Structures are given as C-alpha cells and as structure tokens.
Amino acid sequence: MSNTFKTIARYQYSAEAQIIKGRLESEGIQVFLSDNLTIDTDPLVSNAIGGVKLKVLSHQAQEAESILKSINKYSTNDEGHPINCPNCNSEKIELFSTVKDLKSLLALIFAFITNIFVSTLPLYSKHKYRCEDCKTEFDLK
C-alpha cells in the first residue's frame, strides 16, 4: 500500500477542516491537515497559501470524497431549514463574504486602521448568500 497523501479538500479556516477531519476519522480514514497552524497563527494569509489542505492516504481518497459529498454544505436558517433562492427556488445556497461597494471597502479600511492601533482582530465584512445554480446573490431579510 502507498503511504502518499492526496489533497481532497481545502478550507479557509482550520476549524472547518477539523470538523471534517473528525468525521472522516470516525469512518476509519487517516487524515492529515496541512498549513492549519500557519493559518491559525495568521488567518489573513489563508487565501494567499491556498487554505488548510485536508489530505488522506491515496488508497482512501475515493471513500473520503464520497463521505464529503454526503455532507450537506449548503446554508440553513436558524430553525435548520434549507434557505431557498428567491430567483430559482434552489436549496444550493452558500454563504460568502464580499467587499463590493464603496461603503464596505471604507468600513474594511477603517477596521484595518483601527486594528493597527488597538490590536483587535474583528474585521468588518458583509455576508451574502449565493445560489450555486443561478448565481443570484441575495441577503436574508
């Protein structure tokens, strides 16, 4: 058997990767996380280095990928019900952060400058939902 690892998923933060790692390990799959300590130390470099890489042994990759596909990655509301797209009524909705307008950009710059002076890290970013099927972006009201 080969002891080489294959990257099967990437996550922006290590907390997401740790949850999936636990699920895969409960199914008997050996999991290794790469770059998780770097991102835990400085979360702002996550996009620059490609996020936290979730790796499994090559001979377990297919089984791990099928488990990942069985996990629902789409957004739900506070009651646990799927969020539907207002355009096409699809349930394939993902949450994402965006800096699109001048107001969001100025708020982000202000938060960054403030963080330099007070050394706190909560940065402002606007969250929206995006439909995977029709690419409609929307807010929940």
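At what angle do the axes of helix H1 (residues 14-26) and helix H4 (residues 61-70) cross? I looked this up in a predicted model, where local features need pLDDT of at least 70, side-chain atom pairs count only at pLDDT 80 or more, and totals for chains, interfaces and linings use all residues. Residues are numbered from 1 along each chain as its sequence is written, and side-chain values use heavy atoms, without hydrogens or water.

**Entry: helix pair**

I find a crossing at roughly 120°, with the axes coming within 11 Å. I then listed the contact (heavy atoms within 4.5 Å). H1 contributes Ile-20, Arg-23 and Leu-24; H4 contributes Ala-64, Ile-67, Leu-68 and Ser-70. I sorted these residues into five nonpolar, one polar and one charged. Here Ala, Val, Leu, Ile, Met, Phe, Trp, Tyr, Cys and Pro count as nonpolar, Asp, Glu, Lys and Arg as charged, the others, Gly among them, as polar.

**Entry: aromatic pairs**

I searched the whole structure and got two aromatic pairs. Ring centres must lie within 6.5 Å; planes under 30 degrees apart are stacked, over 60 edge-to-face, the rest tilted.

Phe-5 and Phe-32 have ring centres 5.6 Å apart and planes at 45°, so this pair is tilted. Phe-5 is partly exposed at 36% relative accessible area, and Phe-32 is partly exposed at 41%. Buried means under 20%, exposed over 50%, partly exposed in between (1.4 Å probe, protein chains only).

Tyr-129 and Phe-138 are stacked, 6.0 Å centre to centre with 25° between the planes. Tyr-129 counts as buried at 15%, and Phe-138 is buried at 9%.

How values were computed: Axes fitted to C-alpha atoms, helices over the stretch in contact; angles between N-to-C directions. Helix = DSSP H or I, 4+ residues; strand = E, 2+ residues; numbered from the N terminus.
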